Amino acid sequence: MKSGYKKIVFIVVLLWQVLLLAGCDYDVSEQPAQQASVPFYNRDSRGRADTIGKLGTYSISIPAGVIDGWARYMGDPGDFADPKIKARYQRPPESYDLPIESFGFQYRITDGDVYTSFRQTQQDYRHDNETLIPYGKPFPWASVSVYGQYDAKVALNFNAYVQEGFKISKEISNIDYIQQPQPLYGLTVYRANNGIDPETGEPWKSDTLTKDRMIKKDQVGNIKTYIDCQFTQHINSCHHMFYNDDWHIQVWISYSRTYLPQWQEMENNIIKILDSWRVSREGKLLGKQIGKA
């Protein structure tokens with residue numbers, strides 16, 4: 001009798017434990033998953049949402065149709081990363097505090113505007129491509145890439161970069177870069193062996209290893225702008241880099257050397273464009289966006 005009673009008690013306790021566990025599982029599964037709040041997005045006239053994030057120091061809202069390609073955020077796998085890593089990667093939820101690593105856009109040098117799809121500048125860009133480039137005429141558009149700088153240990157200047165470039169030219173190609181006596185458009189100019197090929201005693205026929213190099217220093221002597229330009233091509237191009245301390249960014253620009261005299265205007269206008277995209281942490285625009293369709 002006692003044995004049968006014990007069996008019944010044991011079975012009741014076992015059932016109670018099973019029901020308790022089932023109840024716990026039920027409670028957990030019924031609780032709603034915590035979801036990240038969806039940020040407010042500014043949109044253009046076609047309803048397209050802006051690209052948002054934090055670039056260096058400031059939160060920004062980049063008008064839809066402006067970015068050439070896509071924006072890369074800090075932590076995103078690189079273009080050549082292992083596909084398995086890309087498949088597993090989950091980007092943090094978008095917000096106005098999510099750090100942007102880089103993005104690019106097209107800037108029109110002649111008036112400071114930017115290319116935006118479904119805007120007049122799209123037709124202008126296509127027209128210039130078709131009517132200027134095939135006939136060897138200067139192209140009035142510059143390719144711009146912007147990089148957020150987040151490592152406090154990295155100096156926002158090109159001091160080491162420029163010195164290392166001069167050193168490599170000497171050690172690898174036996175080319176000395178000589179500072180020129182006269183500045184050019186406010187830039188200090190360095191030319192390879194003063195522009196003369198030592199083997200022929202004549203001006204360089206090729207600028208593959210001998211591009212003109214130009215710098216601009218700030219008041220305390222740090223190199224904040226670096227430009228190198230071709231000089232033997234039918235249409236010479238320039239690669240232009242500069243730092244901006246306020247934004248904590250590095251900017252790269254590529255354009256025809258024809259527009260080199262406007263190098264400082266380009267820097268100022270690009271910062272003006274970025275300023276127009278600034279927003280509060282809630283996404284409220286702080287001004288009128290340049291390039292919005």
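Arg 213 is placed over the face of Tyr 177, 4.0 Å from the ring centre, where a charge is taken to sit over a ring if NZ of Lys or CZ of Arg is within 6 Å of the ring centre and within 35 degrees of the ring normal. Arg 278 lies likewise over the face of Tyr 58, at 3.8 Å from the ring centre. The structure is a predicted model, in which local features need pLDDT of at least 70 and side-chain atom pairs count only at pLDDT 80 or more, while totals for chains, interfaces and linings use all residues. Residues are numbered from 1 along each chain as its sequence is written, and side-chain values use heavy atoms, with hydrogens and water left out.

The chain contains 5 helices and 13 strands, assigned as DSSP runs numbered from the N terminus (helices H or I, at least four residues; strands E, at least two). Of its 293 residues, 39% count as buried; buried denotes under 20% relative accessible area, exposed over 50%, and partly exposed the range in between (1.4 Å probe, protein chains only). The accessible surface of the chain is about 17700 Å², and carbon and sulfur atoms contribute 54% of that area; the areas come from the Shrake-Rupley method with a 1.4 Å probe, and for residues only the protein chains shown count as cover. Among contacts (heavy atoms within 4.5 Å) with a separation of 6 or more, 59% involve residues 24 or more positions apart.

A pair of aromatic rings is described by the distance of the centres and the angle of the planes. Rings of Phe, Tyr and Trp (its six-membered ring) pair if their centres lie within 6.5 Å, with planes under 30 degrees apart counted as stacked, over 60 as edge-to-face and the rest as tilted. The count by this rule is 13 aromatic pairs. In one of them, the ring centres of Tyr 125 and Phe 139 are 5.5 Å apart and the planes stand at 70 degrees, so the pair is edge-to-face. This pair links distant parts of the chain, 14 residues apart: Tyr 125 belongs to helix α3 (residues 120–131) and Phe 139 to the loop between α3 and β5 (141–148). Tyr 125 is partly exposed, at a relative accessible area of 21%, whereas Phe 139 counts as buried at 15% relative accessibility. Both residues belong to a cluster in which ring pairs link Tyr 115, Tyr 125, Phe 139 and Trp 141.

For Phe 158 and Tyr 243, the ring centres are 4.5 Å apart and the planes are at 35 degrees, so the pair is tilted. Here Phe 158, in the loop between β5 and α4 (159–173), is linked to Tyr 243 in strand β12 (residues 237–244), 85 residues apart. Phe 158 is buried at a relative accessible area of 3%, and Tyr 243 is buried at 11%.

Helix α3 has 12 residues and spans 17 Å from its first C-alpha to its last, close to the 16 Å expected at 1.5 Å a residue, the expected span being 1.5 Å times one less than the number of residues. The buried residues of α3 are Thr 121, Gln 122 and Asp 128. These residues cover an arc of only 130 degrees around the axis, which puts them on the same side of α3; the arc is that of the directions from the helix axis to the C-beta atoms. The buried residues of α3 pack against β4 (100–108) and β5, while Gln 120 and Glu 130 are exposed on the other side of the helix.
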